[in-house]
Amino acid sequence: MDDRESCAMMRQLILTIVVTFMPEDTIAHEDCPVPALAQSFTNSPQILVFDLSVVDTNKTLQTIHESLFPDIHVVASMSQDHVTELMKTVDSFDAKTKGMTDFRHHSKWLLLHQGTDVPELQALYLENVVLLCHHKCWIQNAFTLRRHSTETDLVPVADCTSRTTMKCYFPNVAYGYNKRHLLVTVLESTMYIVKSVNNGTTRYTGYAIDILDTIADLLNFTYSITEPKDQSWGLPVNNTYDGIVGQLNRTEVDLAACDLTVNEGRSMFIDYIYPPISTEYIDVLYKKHDKQGSSSLYLLVLPLRPNVYLVLVLIAGLCPLLFALFESVDIFLNKTPAESEDVGVCCLMKVKQNLFHSCWEVTGSLFKQGFSKYPSNLPGKVLMTSLWMLLMVITTVYCANLVAALSAQTDVKPFTDLEGLLDSDYSVGIQQHGIEHHILKTNDPSSLYGRLWSKIEANDPVFLESSTENHLKKVEREKYAYLHYTSELEEYMADDCKLEILRERVLFVQQAFGLPKGSPLKPDMENIMSQMSAVGLLDRFWEKWSVKRNRTHCPPKRKLKSVTLNQIGGGFIIVCAGAALGIVVLCLENLTHSVTSIRRTQQ
């Protein structure tokens, strides 16, 4: 191949697109060396050749972007006028597609220009452009675009080694997005987006803003913030979406940097940046308005457990029998033959009398800890002593718990689960601008969530569309339950000890940043987001902005715990031991009396 044929080939090869880019290699076509940066003409995995004299430039650029993004490497050989025209077209192409292409940052251009005149390329916003001026296939000059501050210069390529070739030819690669300006949409949200206005200047802070600032620093772009006019996150409207999702779908903004809930329906219109910035639940916030105080009809029985009362009843029934037995045994021990005919009648009357007296004394001792008439024999005294020890423990514990019950006011939960909420006299509300409202609305009416939606729908529609502050005020004043994100509910509870969360976890949600469908920003931003998640930066930002309830200023909750049988079981053991000991003493007395009677008879 002679020089004439080589140069003819370069003129006919109007535009070549390749995937790989190896500037350190060189290739020669006999006497006409092809520039080192154009090495991939012959051995790249993918080569697309276009002749701009016969194809539409805009359609060609769209095809190039779809085929090779995010690594678009372009070699173009044409006249000076054509080079200038092509680069102006490419430079404005991203704006024509409303940011759905990114030639500015993700394309590298190698322009082969025959002659010594240098085209006017300083006005370009493209970041990676190299111009090689050649004459009869010999390189004479090499220039590159270098951006600094707000200006762009076409400067000669500095001397470089094989290791620094890319930095020499494409110096802007080291500066990321080179202060590109993005339009970001947000909506105020507790902890995620905190909006403040000072002297007419609006300032945004919060968890999501910290993440956005970190991404902006790492990718080197600037941004300005806007909000959707309808103040909606994005709900289905006439086969499209309003709010933030609508802004992204219409490519009115470049990025949604807020807690946008991930939803399958929304995914058809926008892209999410993963991993998500948070994973949490929708829960129920409510206030307990009813309290249990000293007016309870069951207050007198609260201090002790039911099984304790049962054992007391058994003892109260058993002890009088033992006392009556111990007191009546003297009739049998001291009877005389003359009295033998009347023994049955006397014993029956004596036992009845002793049993009645014992029942009265034992019952009275439960309240005043004492007998008006003490047992006359030793077994009865042993049993009485053990019974007194038990009654002293029980009455002391009972009185202490009764005083606590009279002075305490215990909070009573109006419901403990979602079913209880539905059956209670509490009304339920939720913000109508979020996707959670749409999820509940589309559930089966007979299902649990469908019934929940029916209760929500019973509210005033105008009120449901009001701000979060109005919902919280209604929670404070009325029997009203509010469905919202757990993280934000925790913040509302931080300074109000009367607010509670049901902890039912009504809906599981993930929240992430959003992009227009097919946005070229997604690969770079997902890469940064993954790194932030891996190193724990997202967790640190979350800890910084999340608010936990300050338990120190909340009075301790008084819980009345009834005394169990295990706690005072020792007293019952003493009574049982006393009864057993009394029986043993009784047996010994009978044995002693019998021996004495036998000896008297023998004498």
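Two strands pair if DSSP finds at least two bridges between them. Keep that in mind for strand β16, residues 255–261. Three bridges join β16 to β24, and these two strands run antiparallel. Within this pairing, threonine 261 stands opposite glutamine 511 in β24. The model you are looking at is predicted.

Now turn to the other neighbour of β16. Two bridges join β10 to β16. This time the strands run parallel. Valine 184 has leucine 255, in β16, as its bridge partner. Is β16 buried or exposed? Seven of its seven residues are buried, so the strand is largely enclosed by the rest of the structure. In a regular strand, the side chains alternate between the two faces of the sheet.

Step back for the whole protein. The chain has 603 residues, and 46% of them count as buried. There are 21 helices and 24 strands. Look at contacts between residues with a separation of 6 or more. Of these, 72% link residues 24 or more positions apart.

The largest nonpolar core has 44 residues. Which of them touch the most other members? They are Ile211, Ile215, Phe221, Leu255, Phe513 and Met525.

Leave out residues up to four places away in sequence. Phenylalanine 221 then touches Tyr177, Lys179, Arg180, Leu182, Leu212, Ile215, Ala216 and Met525. A second core is separate and holds 33 residues. Leu285, Leu422, Leu489 and Ile501 are among its members.

Arginine 180 lies over the face of tyrosine 177, at 4.5 Å from the ring centre. Asparagine 178 is found in the loop between α6 (165–169) and β10. Its phi is near 50°, a positive value in a residue other than glycine. Asparagine 178 has a relative accessible area of 9%, and because the cut-off for buried is under 20%, it counts as buried.

Arginine 503 has a positive phi as well, near 60°, and is not a glycine. Find it in the loop between β23 (499–501) and β24.

Aromatic rings come next. The structure holds eleven aromatic pairs. Phe93, Phe103 and Trp109 form one aromatic cluster. Tyrosine 281 has a charge over its ring. The charged end of arginine 505 sits there, 4.3 Å from the ring centre.

The backbone oxygen of tyrosine 281 lies 2.9 Å from a polar atom of the threonine 486 side chain. Threonine 486 is found in helix α18, residues 486–493. Which residues does threonine 486 contact, leaving aside neighbours within four places in sequence? They are Glu280, Tyr281, Ile282 and Asp283. At 18% relative accessibility, threonine 486 falls under the 20% limit, so it counts as buried.

Compare lysine 479. Its relative accessibility is 28%, so it counts as partly exposed. Lysine 479 is found in the loop between α17 (468–477) and β22 (480–485). Its side chain makes a polar contact with the side chain of aspartate 425, at 3.0 Å. How far is lysine 479 from serine 424 in sequence and in space? The two are 55 residues apart in sequence and 9.5 Å apart in space, C-alpha to C-alpha.

Finish with two peptide bonds. The bond from phenylalanine 69 to proline 70 is cis, with omega near 15°. Proline 70 lies in the loop between α3 (57–68) and β5 (72–78). The bond from tyrosine 274 to proline 275 is also cis, with omega near 0°. Proline 275 lies in the loop between β17 and β18 (278–287).

Terms used
Residues numbered from 1 in each chain as written. Predicted model: local features only at pLDDT ≥ 70, side-chain atom pairs only at ≥ 80, totals over all residues. Heavy atoms only, no water. Core = buried A, V, L, I, M, F, W, Y, C linked by side-chain atoms within 4.5 Å. Buried < 20%, exposed > 50% of the residue type's maximum accessible area, 1.4 Å probe, protein only. Helix = DSSP H or I, 4+ residues; strand = E, 2+ residues; numbered from the N terminus. Contact = heavy atoms within 4.5 Å. Phe/Tyr/Trp six-rings, centres within 6.5 Å; stacked < 30°, edge-to-face > 60°. Lys NZ or Arg CZ within 6 Å of the ring centre and 35° of its normal. Polar contact = N/O pair within 3.5 Å; in protein donor to acceptor, adjacent residues only side chain to side chain.
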